[in-house]
Amino acid sequence: MKFAVYLPPKAETGKCPALYWLSGLTCTEQNFISKSGYHQSASEHGLVVIAPDTSPRGCNIKGEDESWDFGTGAGFYVDATEDPWKTNYRMYSYVTEELPQLINANFPVDPQRMSIFGHSMGGHGALICALKNPGKYKSVSAFAPICNPVLCPWGKKAFSGYLGTDQSKWKAYDATHLVKSYPGSQLDILIDQGKDDQFLLDGQLLPDNFIAACTEKKIPVVFRLQEGYDHSYYFIATFITDHIRHHAKYLNA
Amino acid sequence: MEEESGEELGLDRSTPKDFHFYHMDLYDSEDRLHLFPEENTRMRKVVQAEMANESRGAGDGKAQRDLQEEVDELVHLYGLEDDHELGDEFVDENIPRTGVSEYPPYMMKRRDPAREQRDWRLSGEAAEAEDLGFGGWGSAGQCQDLREAYRYTHGRASEEYECYVIPEEEDEEEAADVFCVTCKTPIRAFQKVFDEHKEHEVIPLNEALESAKDEIHKNMYKLEKQIIEMENFANHLEEVFITVEENFGKQEQNFESHYNEILETLAQKYEEKIQALGEKKKEKLEALYGQLVSCGENLDTCKELMETIEEMCHEEKVDFIKDAVAMADRLGKFLKTKTDVEISAQPEFEDQTLDFSDVEQLMGSINTIPAPSAPVINPQVPNSATGSSVRVCWSLYSDDTVESYQLSYRPVQDSSPGTDQAAPSPPIIKTKEIRSCEEAVLICWESGNLNPVDSYTVELTQAESPEASGVTDSASLYRSVVGIPTCESVVQLQPGRSYIIYVRALNMGGPSVRSEPATVHTIGSYFRLNKDTCHPWLTISEDGLTAVRSERRTPARELSPSDTHFTRCVAVMGNLIPVRGHHYWEVEVDEHLDYRVGVAFADVRKQEDLGANCLSWCMRHTFASSRHKYEFLHNRTTPDIRITVPPKKIGILLDYEHSKLSFFNVDLSQHLYTFSCQLHEFVHPCFSLEKPGCLKVHNGISMPKHVTFY
């Protein structure tokens with residue numbers, strides 16, 4: 001598995017907090033580090049940024065490259081239970097356990113200070129990782145996340161492929177559902193969503209459901225609908241500084 | 001490569017097998033320029049040498065740099081550039097690492113970060129060089145290294161240069177290798193043995209080089225010093241030159257004015273004298289003329305009488321007797337009248353001694369240096385006095401030459417007796433209207449006097465603790481501001497302290513006693529709600545921090561527009577200190593309250609809603625149908641923002657420096673929104689209640705850490 005690591009100047013003299021970025025459909029570990037323009041902000045706040053790939057590659061599983069929204073480049077950050085995916089497609093465990101262990105052992109990071117954010121499918125990944133692991137992440141944020149995969153075409157396709165037909169298994173990886181039973185410590189969630197995002201209009205993202213659930217459960221969210229922005233990395237690049245500052249506030253507290 | 005990166009990271013651990021680093025260098029190794037095709041072979045040579053010399057430490061790195069530099073300079077200086085073989089060696093050595101070389105081979109002056117790994121040039125002999133006290137011009141080590149360089153180029157041992165026997169291999173170059181001191185010329189070693197140089201003293205070329213260099217260097221140093229000296233001197237001369245001109249000007253002026261004065265005075269005297277003489281003459285002449293006229297008259301009368309008498313004598317006896325009697329009468333009368341034959345005016349003019357004393361004085365004063373005009377003492381500057389000293393400044397408003405000043409002083413009692421006027425009464429500080437921030441305080445007061453006062457003085461002392469109000473006069477005065485003409489003042493302070501403030505009034509009779517004190521804490525910003533701006537339906541509490549809108553039954557009559565208080569938006573503004581920097585305050589609201597909180601310029605239109613124009617920015621909350629709606633209004637526009645947990649306490653940060661206004665949920669340390677605003681003037685906090693309810697302002701709060709990120 002490939003992943004990208006950014007070390008700020010501060011890491012030369014001491015351990016820094018770690019910020020994990022999860023990319024969206026069709027991305028690799030390169031997209032974020034080349035296109036998002038996060039460096040200056042991460043450097044300023046002294047954060048180590050880690051960007052893993054979105055799925056295992058070259059597993060030679062039949063059908064892994066058939067569609068761009070399932071299989072290669074579309075791990076959906078779940079631990080698959082169905083064949084032939086269950087051996088290799090375990091992105092949830094990778095992101096929450098395997099990768100942090102590797103990072104903690106090999107890079108100057110403080111294992112106690114970790115946050116997570118992402119875009120689209122990665123936004124979904126960030127939200128579920130944070131909601132399923134209360135207290136593990138100091139903060140979470142997302143760009144145009146898939147908030148309610150159980151109800152959107154992408155989510156239905158992926159979950160049925162990776163998890164089978166038992167919808168109760170699906171809910172364990174759905175942010176809107178997880179929020180409803182979130183017991184844990186205070187989370188402060190920042191979400192940016194482009195108003196002209198095609199996938200929003202197509203009903204793939206469904207942020208309203210998530211917001212309603214959070215309002216109900218009093219989970220603090222600030223959701224910003226940004227006029228004129230779409231789903232692309234230009235949107236991410238515009239607001240990345242706000243997100244990094246949001247995380248720095250908790251990681252450097 | 002693995003070990004290398006491990007070293008760089010400074011970590012000590014075993015590398016997992018399936019773990020490969022690939023550095024994302026700016027230039028991938030494939031992209032590096034290949035200037036020398038034989039690079040690889042040289043690389044191998046380098047590596048081999050590396051292996052051989054692994055014991056070298058990083059300490060040599062510095063030595064190496066100096067070496068490189070020295071050699072390069074020497075090479076350049078002594079025209080060895082043409083000797084490519086010499087230069088090339090150094091070039092190649094650099095290429096494998098950096099790859100990009102734009103300099104001609106002999107001008108390399110790079111600082112190479114990976115020097116530690118290229119120790120091939122320093123071998124055993126160089127270590128010796130270090131022991132010899134390497135580092136600087138003209139040391140033996142330098143010579144050693146130059147010889148090293150030659151060695152590698154020419155493949156000869158350095159010792160060979162020290163013997164004066166003809167080396168057998170001497171057929172390649174014709175280069176001189178020793179120096180004849182007597183003839184002051186470089187010669188070849190074998191020449192020493194022959195002809196003219198037989199008896200002469202010979203030293204190795206390197207030594208000669210060194211000493212020649214030394215000489216030149218010393219002289220160069222002297223030259224440099226001389227340059228500086230002469231330049232300084234030239235500057236000084238220029239200054240003196242200018243001063244001479246100035247002084248000439250002054251002298252010229254001075255003399256001219258004196259001279260002119262004297263001339264004027266003389267001229268004046270001349271005029272006066274001439275005039276006086278003229279008048280005298282006129283007087284005399286007139287008198288004489290008068291006399292002449294009367295004399296003439298007299299003469300005429302005499303003559304007439306004579307003629308009449310003569311005629312009479314020719315008359316008949318009877319007529320003669322009649323006339324003779326009359327004539328005798330007339331004559332008698334006439335001769336009685338006195339004829340003045342005294343000359344009324346003397347021809348001589350008396351000598352008048354003219355008084356030239358003033359001219360004499362003037363002429364005398366030409367030579368004296370006038371006393372300078374009096375200096376003018378500047379008014380006392382604020383902060384120029386302490387309990388035991390005062391700073392006096394004065395100015396001289398003339399071109400007079402002054403040698404020194406003399407300062408004298410005498411203490412004056414506070415309430416000096418013998419003055420006509422009584423000192424004023426102390427002012428009264430308006431404590432409720434004090435506004436402050438972390439860096440300054442705005443104090444205002446009432447005069448406390450019926451009669452006008454000349455000025456006010458503000459005195460501040462630092463309080464050790466916020467409760468120390470019983471401070472005596474002997475407490476160290478932190479600052480005093482004097483000469484304040486109006487009843488308010490802005491004083492700069494240090495953040496995070498407490499101060500006690502007094503004000504005095506001052507007039508001809510002296511200063512008043514101190515006013516009652518007021519306390520200021522420079523933590524956060526303090527302000528109060530301004531009742532003057534308050535919409536009639538709002539009530540402000542006594543402490544100026546709570547605004548209440550009560551249930552009303554009054555018909556919504558049209559309120560006449562006003563410039564001072566709000567008439568449409570049920571709002572009130574606070575009085576923030578007009579000082580830039582940043583200000584932070586908090587507002588406590590009820591979850592179900594409809595409100596607007598933000599800032600506005602003082603001249604915002606009071607007939608409009610807050611946020612409806614470009615002079616105000618606010619966060620607006622409306623609660624309807626169990627739904628909370630949040631807007632961030634400026635010029636009627638708002639971004640689309642949803643907030644899931646309604647804040648009960650809103651933190652507001654006003655940052656003039658970065659032109660930002662930010663809102664926070666204080667309890668969650670959550671950032672809500674930030675406006676970028678053009679703050680060309682000072683703004684004030686503003687609050688409005690759109691439904692009955694109340695909101696409370698909290699002041700004097702230091703910025704929480706999470707706010708500092710914004």
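**Chain B, its interface with chain A, and backbone exceptions**

Biologist: What percentage of the contacts in chain B with a separation of 6 or more comes from residues 24 or more positions apart?

Modeller: The model is a predicted one. Chain B contains eleven helices and 27 strands. Among its contacts between residues with a separation of 6 or more, the share from residues 24 or more positions apart is 64%.

Biologist: Which three residues supply 27% of the area that chain A buries against chain B?

Modeller: The contact involves 28 residues of chain A and 21 residues of chain B. Together the two chains bury about 2,200 Å², with 58% from carbon and sulfur atoms. On the side of chain A, the three residues that supply 27%, more than any other three, are A:Asn106, A:Arg245 and A:Lys249.

Biologist: Which side chains meet in a salt bridge between chain A and chain B?

Modeller: The count of salt bridges between these chains is one. A nitrogen of Lys or Arg must lie within 4 Å of a carboxyl oxygen of Asp or Glu. At 3.0 Å from N to O, the pair is B:Arg642 and A:Asp208.

Biologist: Which elements give two or more residues to the side of chain A that touches chain B?

Modeller: Across this interface, eight residue pairs are in polar contact. The elements of chain A that give two or more residues to the side touching chain B are helix H3 (91-106), helix H9 (207-217), strand S7 (221-226) and helix H10 (233-251).

Biologist: How do the residues on that side of chain A divide into nonpolar, polar and charged?

Modeller: The classes are applied to the side of chain A that touches chain B. The division is 13 nonpolar, seven polar and eight charged.

Biologist: Is A:Phe76 buried or exposed?

Modeller: A:Phe76 lies in the loop between S3 and H3 of chain A. Its phi is positive, about 60°, although A:Phe76 is not a glycine. Because its relative accessible area is 0%, A:Phe76 counts as buried.

Biologist: Does B:Ser626 count as buried or exposed?

Modeller: B:Ser626, a residue other than glycine, has a positive phi near 55°. B:Ser626 lies in the loop between strand S20 (616-624) and strand S21 (627-634) of chain B. Because its relative accessibility is 64%, B:Ser626 counts as exposed.

Conventions:
Residues numbered from 1 in each chain as written. Chains lettered and ligands numbered in written order. Predicted model: local features only at pLDDT ≥ 70, side-chain atom pairs only at ≥ 80, totals over all residues. Heavy atoms only, no water. Helix = DSSP H or I, 4+ residues; strand = E, 2+ residues; numbered from the N terminus. Contact = heavy atoms within 4.5 Å. Buried area = accessible area lost by both parts, 1.4 Å probe. Polar contact = N/O pair within 3.5 Å; in protein donor to acceptor, adjacent residues only side chain to side chain. Nonpolar A, V, L, I, M, F, W, Y, C, P; charged D, E, K, R; others polar. Buried < 20%, exposed > 50% of the residue type's maximum accessible area, 1.4 Å probe, protein only.
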